[in-house]
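This report covers aromatic contacts, a helix pair and some backbone features. The model it describes is predicted.

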Amino acid sequence: MQKHLRVVAFSILVFLPLVGVAESSKPNILFCIADDASMKSFGAYGDTFIETPAIDKLAREGLVFENAFNGNPKCAPARASLVAGMYSWQLKEAANHWPLFPEEFAFYPHILMEKGYHVGFTGKGWGPGVYKTEHNPAGPAYNSIKTKPPYKGINKIDYAGNFAAFLDEKEDRQPFCFWLGVKEPHRAYEEDSWKKANRNLNDATVPGFYPDNETIRGDLLDYGLEVEWYDRHVGLAVELLEERGLLDNTLIIVTSDHGMPFPRVKGQIYEEAFRVPFIVYWNGVVTPGRILSDYISFADVAPTLMEAAGFEAHPQMTGSSFLSMLKAEDSGRFDASRDHVLLGKERHDTGRANEDGTDLGYPVRAIRTDEYLYVKNFKPERWPVGNPEYGWRNCDGSPTKDFITQLDPDSADYRYYSLNFGKRSGEELYRIKEDPDCLVNLADNPIYTCVKERLHDQMVAELTEQGDPRMLGQGDIFDKYPHEGKIFNYDTGKMEGFKHPSRP
């Protein structure tokens, strides 16, 4: 009898509209996401030359996930996993960058909107790409309020100001779900903005896969200033919640879609690209100061937020809710089965070609555990960052890119070109704790043969169970999906506007 009553009560919660229901009965959701910010750029994840006081405060008063992963280190596919609650390789066209998001998939912000939540986003929602719904998959846009940023590379959208406008439209007792998607630190930057800010070149931390010089240090400092702009707007958003008496009932998530827009990071299957910051603040629910080592993926976010709001996950959602972890009290590993994550990529940007055709992807799958990163490059004959003659299109333009790609083959630093832009072997294996920069490939070392084979077999088995076309002999379908943005003209070597006549 009690079970029957619980089912009836849950059904009422699911199907009755929420407008008019006390706000305390449903949590508000503030989802903050940076565009191209590395995990190690935030103070909560260790020593950094970048100042992020607002986000670090949320980390101290909330929960820090040490092992959060985006699943696919590029904007559109990573964000697609977030809104749909599915792994990248399960999303058809949306596994690629600049895709048409298939109509068959539902988005958690839209679902919450249908159930009575006030929903919206500012800045960058899902994208880049094309969608057929009325609103962006992240919800209705709030981008009309502008501000004057301190540097030319920063977008003029006033993210916190638009969040305030969004809150002004909310009914008094209506819960909200807002996506605060800043467009920083996406390129381009105002070069040498670090000088205006009186920063010191010696403060920058240079990864092991770059030469250490003033050009790259300055580029990193320019990047850091834009990460700080993200932190500023997160802080302003929290202040708005406090001023309006909404903070105590708001679940706040702070993350980034992938690592920084530098060579060997954004768009690549290496540690700094796919391991992301993930901080959760929820007063009265999340015990302050906790650090969890459980592995979570972007596919897990949508089902978690659905459960937090009191609803069942949509049947399409293949990710797993981690709400129980948020409500626990201890640090460490809550769920012993969350000891690894799967990663992958297909086609990101155009500008890759060989005898198989043009606009080809660089298909990769990987598995990351506590100790190892195993990577399978399915088409090692292709250039991983795009063809050199077409400008290595899957790497944003930057002073760092220019310096490395212009290195002379006889230079002592030429190894950095190979690390960042050269072709790769079919398999890669890294001892991730000892080699977080992924510099020493152990795949051909016979000592690690058994480890490599074990990880490969585990990865293939799990991806096959998930229906990954790449495991089922149907992986070439990803190259056949149309690119919905600008197309690279292989004759002129330039990007050109193009719109498929069959697309909206």
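## Aromatic rings

Phe 101, Phe 105, Phe 107, Trp 126 and Tyr 131 belong to one aromatic cluster. In this predicted model, the count of aromatic pairs comes to 31.

One of the pairs joins Tyr 270 and Tyr 430: the ring centres are 6.0 Å apart and the planes stand at 75°, over the 60 degrees that edge-to-face requires, so the pair is edge-to-face. Tyr 270 lies in the loop between strand S5 (250-256) and helix H8 (271-274), while Tyr 430 is in strand S12 (residues 427-431). The pair thus links distant parts of the chain, 160 residues apart. Both Tyr 270 and Tyr 430 are buried.

Tyr 417 and Phe 421 form an aromatic pair of the stacked kind, with 5.9 Å from centre to centre and 25° between the planes. These two residues are four apart in helix H12 (residues 415-421), so about one helical turn separates them. Tyr 417 and Phe 421 are buried as well.

## Charges over rings

Two contacts of a charged end with a ring are described here. Lys 26 places its charged end over the ring of Phe 311, 4.4 Å from the ring centre. The charged end of Arg 187 sits over the ring of Phe 262, also 4.4 Å from its centre.

## Cis peptide bonds

Ala 188 is placed in the loop between S4 and H6. The peptide bond from Glu 184 to Pro 185 is cis too, and its omega is near 5°. Pro 185 is found in the loop between strand S4 (176-181) and helix H6 (193-196).

## Positive phi

Asn 198 is not a glycine, yet its phi is positive, about 60°. This residue lies in the loop between H6 and H7. Its relative accessibility is 68%, so Asn 198 counts as exposed.

Cys 438, another residue other than glycine, has a positive phi near 55°. Its place is the loop between S12 and helix H13 (449-465). Cys 438 counts as buried because its relative accessibility is 0%.

## Helices H2 and H7

The axes of helix H2 (residues 53-60) and helix H7 (residues 214-243) come within 7 Å and cross at roughly 60°. H2 and H7 are therefore oblique to each other. On the H2 side, Pro 53, Ala 54, Ile 55 and Leu 58 make the contact; on the H7 side, Tyr 230, Asp 231, Val 234, Gly 235 and Val 238 do. Of the residues in this contact, seven are nonpolar, one is polar and one is charged.

Definitions and conventions
Residues numbered from 1 in each chain as written. Predicted model: local features only at pLDDT ≥ 70, side-chain atom pairs only at ≥ 80, totals over all residues. Heavy atoms only, no water. Axes fitted to C-alpha atoms, helices over the stretch in contact; angles between N-to-C directions. Parallel < 35°, antiparallel > 145°, perpendicular 65-115°, else oblique. Contact = heavy atoms within 4.5 Å. Nonpolar A, V, L, I, M, F, W, Y, C, P; charged D, E, K, R; others polar. Phe/Tyr/Trp six-rings, centres within 6.5 Å; stacked < 30°, edge-to-face > 60°. Buried < 20%, exposed > 50% of the residue type's maximum accessible area, 1.4 Å probe, protein only. Lys NZ or Arg CZ within 6 Å of the ring centre and 35° of its normal.
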